[in-house]
Amino acid sequence: ALERTLSIIKPDAVAKNVIGEIESRFEKAGLRIVAMKMVQLSQEKAEGFYAEHKERPFFKDLVEFMTSGPVVVQVLEGENAILANRDLMGATNPKEADAGTIRADFADSIDANAVHGSDSAASAEREVNYFFAAEEICAR
Ligand code: CMP
């Protein structure tokens, strides 16, 4: 099915100057960027985004990392976009990520893991709406 998913290029990848290389992987895989923006997340915005992890031991470090510098947030659209994006990203822990994935190539640690992608249709819906108003998404 034609899906939309939320993708975030995290502060580590922005600092490494590989925004374009990562966007290029989405495009080469046939995903279309239908919305995008560069933002510095506030603590509140990052905490709200990751609310489901609030009780996890890594929550504080995660929020600290995600607010440590600008991120690039985009909506990717395409056939099975949610899974397609997860395949492009590779495993959450870059040590476990398959060769050729974004995390294998650009991530340094489980915290500084270069990208985020929605993990289900329900989270994609919530996450897209968390960052973008309907009129900011350009139908293509
Ligand atoms: P992300 O897909 O953005 O969702 C939550 C993030 O928490 C995850 O990527 C990792 O960067 C970070 N994280 C840190 N430690 C863990 C862990 N033990 N398990 C899962 N995610 C973790």
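These legends describe close-up views of charged side chains in a predicted model.

**View 1. Asp12, a buried acidic residue without a salt bridge.**
Asp12 sits in helix α1, which spans residues 11-15. Asp12 is buried and forms no salt bridge. Its nearest side chain of opposite charge belongs to Lys16, 5.2 Å away. A salt bridge needs the nitrogen and the carboxyl oxygen within 4 Å. The side chain of Asp12 instead reaches the backbone nitrogen of Ala114, at 3.0 Å.

**View 2. Lys16 paired with Asp108.**
The side chains of Lys16 and Asp108 meet in a salt bridge, with N to O at 3.2 Å. This pair links distant parts of the chain, 92 residues apart. Lys16 lies in the loop between α1 and α2 (19-28). Asp108 lies in the loop between α6 (102-106) and β4 (115-117). Asp108 counts as exposed, at 55% relative accessibility. Lys16 counts as partly exposed, at 35%.

**View 3. Lys37 paired with Glu136.**
A salt bridge joins Lys37 and Glu136, their closest N and O atoms being 3.5 Å apart. Lys37 is partly exposed, with a relative accessible area of 24%. Glu136 is partly exposed as well, at 37%.

**View 4. Lys60 and Glu64 within helix α4.**
Glu64 forms a salt bridge with Lys60. The closest N and O atoms are 3.7 Å apart. Both residues lie in helix α4, which covers residues 59-66. They are 4 residues apart, so about one helical turn separates them. Lys60 is exposed, with a relative accessible area of 61%. Glu64 counts as partly exposed, at 47% relative accessibility.

**View 5. Salt bridges across the structure.**
The structure holds 5 salt bridges. Among them are Lys16 with Asp108, Lys37 with Glu136 and Lys60 with Glu64. Side chains of opposite charge can pair when their charged atoms come close. Asp12 has no such bridge, although Asp12 is buried.

Technical notes
Residues are numbered from 1 along each chain as its sequence is written. This is a predicted model: local features need pLDDT of at least 70, side-chain atom pairs count only at pLDDT 80 or more; totals for chains, interfaces and linings use all residues. Side-chain values use heavy atoms; hydrogens and water are left out. Helices (H or I, at least four residues) and strands (E, at least two) are DSSP runs, numbered from the N terminus. Buried means under 20% relative accessible area, exposed over 50%, partly exposed in between (1.4 Å probe, protein chains only). Lys and Arg count as positive and Asp and Glu as negative; His and the chain ends are not counted. A polar contact is a pair of N or O atoms within 3.5 Å; within protein, one must be able to donate a hydrogen and the other to accept it, and residues adjacent in sequence count only if both atoms are side-chain atoms.
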